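The sequence and structure come first.

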Amino acid sequence: MTNPHDRSTPRAVQMAQPLARDVVEEIAKQYGVCIRPVPLRRQDILTGQVEVIDVPCGATLESKCPPCAKRNRQLRRAQCRGGLAP
């Protein structure tokens, strides 16, 4: 495999390689992880420490976030069957 930063690698070969963001997105889809998480800031009221937590986006459209859409579809099916009904 060639080093992408090697100056002797032809530009066409460099441009044909996938972008890191696309690779990470495909891996997240394979493992069922949200690809568009919503960052929420949480502050501990005792210590004042602030941290950012990524929460799944909860999209229902497959075109926006396939893992969240799949999860929501499964939850709706379970709810319709009476699995989650009170």
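Glu 25 is partly exposed, at 26% relative accessibility. The model is a predicted one. The side chain of Glu 25 forms a salt bridge with that of Lys 29, with an N to O distance of 3.7 Å. The two residues lie 4 apart in helix H2, a separation of about one helical turn. Lys 29 is also partly exposed, with a relative accessible area of 31%.

Glu 26 joins Glu 25 and Lys 29 in a network of salt bridges.

## Other salt bridges

The whole structure contains 4 salt bridges. One of them pairs Glu 51 with Arg 42, whose closest N and O atoms are 3.1 Å apart. Glu 51 has a relative accessible area of 36%, and Arg 42 one of 44%; Glu 51 is partly exposed, as is Arg 42.

Arg 73 and Glu 62 meet through their side chains at 3.5 Å, N to O. This pair links distant parts of the chain, 11 residues apart: Arg 73 is in helix H3 (residues 66-80), and Glu 62 is in the loop between strand E2 (50-55) and H3.

## Nonpolar patch

Val 23, Ile 27, Tyr 31 and Val 33 make a nonpolar surface patch of about 390 Å². Ile 27 belongs to helix H2 (residues 20-31) and is partly exposed, at 42% relative accessible area.

## Chain overview

The protein chain has 3 helices and 2 strands, in the order α-α-β-β-α along the sequence. Of its 86 residues, 12% are buried. The chain exposes about 7,500 Å², of which carbon and sulfur atoms supply 56%.

Terms used. Residues are numbered from 1 along each chain as its sequence is written. This is a predicted model: local features need pLDDT of at least 70, side-chain atom pairs count only at pLDDT 80 or more; totals for chains, interfaces and linings use all residues. Side-chain values use heavy atoms; hydrogens and water are left out. Patches are made of residues with over 30% relative accessible area and no salt bridge: like charges are joined within 9 Å, nonpolar side chains (Val, Leu, Ile, Met, Phe, Trp, Tyr) within 5 Å. Accessible areas come from the Shrake-Rupley method with a 1.4 Å probe; for residues, only the protein chains shown count as cover. Buried means under 20% relative accessible area, exposed over 50%, partly exposed in between (1.4 Å probe, protein chains only).
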